[in-house]
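Please keep the sequence and the structure in view while reading.

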Amino acid sequence: MISFKAILFLYLATFVCAKEDDVIVIGEDNWKDLLKGEWMIEFHARWCPACRTLQPVWEDLGSWSDDLGIKVARVDVTDAPALIGRFMTTALPTIFHAIDGEFRKYKGPRGKDDFITFIEEKKWKEIEPLSSWKAPDSVWMSTVAWFFKMSMFLRGAFIYLTEDVGVPYWAGYCIFAALSVTVGAIPSLIFLVFFTHLLCPPKSEPKKKAKSDDEKDNEHEDKDNVVAEDLIDQAVEKKNRGDCAARF
């Protein structure tokens with residue numbers, strides 16, 4: 001026979017799971033869902049004490065999502081480090097309001113009633129939205145997100161080399177320093193060549209202008225005239241020689 005405590009435990013577990021299902025987990029694969037509709041998004045980390053304090057309030061807000069006509073989400077920055085750079089999150093917890101791709105940072109009180117009032121009275125209109133270049137789907141923020149993701153990949157590779165493979169820490173630092181110099185030198189050289197080409201473009205020989213048909217005919221006539229003058233000069237010279245010989 002099932003005891004009362006077991007029934008109570010199952011009920012509480014079902015209630016907690018239902019509340020957690022109301023809060024959508026956003027990661028690097030589905031963050032673009034935030035660009036459509038109205039959202040309240042919390043950036044948190046499991047190790048953050050302030051985030052743990054906000055957790056029950058955020059779950060309560062999630063249970064109101066259908067009544068408010070919004071979606072409530074959370075981003076665990078430990079699992080999605082690239083989103084830290086994409087949203088320029090510098091403190092935890094950080095809360096954003098999003099509507100149709102327009103993001104605003106929430107800086108008000110953090111009670112459930114405060115959040116509900118913020119949505120129902122559309123107080124988000126009083127907050128200046130993020131500028132276009134700071135928008136998470138902009139080219140600039142996508143680049144920042146890529147660098148964050150790459151840094152976490154390198155950190156994981158370093159931990160693998162030092163802890164799993166057994167490479168000494170000093171050797172790991174040397175390897176990554178050499179890779180950083182090598183990888184960084186390639187784009188630097190490309191930029192240097194391009195920049196030098198702009199400042200000091202190579203001198204090119206002037207192209208010879210194509211001659212027209214009239215110019216070609218004039219050249220031929222000039223050559224014919226020169227040849228004719230040479231023939232006349234030779235004939236005159238021969239005649240003068242003949243006259244001199246006749247006199248003698």
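## A covered strand

In this predicted model, strand S4, residues 94–99, is mostly covered, with 6 of its 6 residues buried. In a regular strand the side chains alternate between the two faces of the sheet. Thr94, Phe96 and Ala98 point one way from S4, while Ile95, His97 and Ile99 point the other way. The residues of both groups are buried, a term that stands for under 20% relative accessible area.

## The partners of S4

Strand S2 (residues 38–44) pairs with S4 in the antiparallel sense through 6 bridges. Within this pair, phenylalanine 43 is placed opposite threonine 94 of S4.

S4 is also joined to strand S5 (residues 102–106) by 5 bridges, and these two strands run antiparallel. Here histidine 97 stands opposite arginine 104 in S5. S4 and S5 form a hairpin with 2 residues between them. In the turn, aspartate 100 has a positive phi of about 50°.

The open sheet has 5 strands in the order S1-S3-S2-S4-S5, and its pairing is mixed. Strand S1 (23–25) and S5 stand at the edges with a single partner strand each, so one side of each is left without a neighbour in the sheet. On average, neighbouring strands of this sheet are turned by 30° against each other, direction ignored.

S1 pairs with strand S3 (residues 71–76) in the parallel sense over 3 bridges. Valine 23 stands opposite valine 72 in S3.

## A helix across the sheet

Helix H5, residues 112–120, lies across S2, S4 and S5. H5 runs at about 145° to S2.

Key. Residues are numbered from 1 along each chain as its sequence is written. This is a predicted model: local features need pLDDT of at least 70, side-chain atom pairs count only at pLDDT 80 or more; totals for chains, interfaces and linings use all residues. Side-chain values use heavy atoms; hydrogens and water are left out. Buried means under 20% relative accessible area, exposed over 50%, partly exposed in between (1.4 Å probe, protein chains only). Helices (H or I, at least four residues) and strands (E, at least two) are DSSP runs, numbered from the N terminus. Two strands pair if DSSP finds at least two bridges between them. Axes are lines fitted to C-alpha atoms, for helices over the stretch in contact, and angles run from 0 to 180 degrees between N-to-C directions. Contact means heavy atoms within 4.5 Å.
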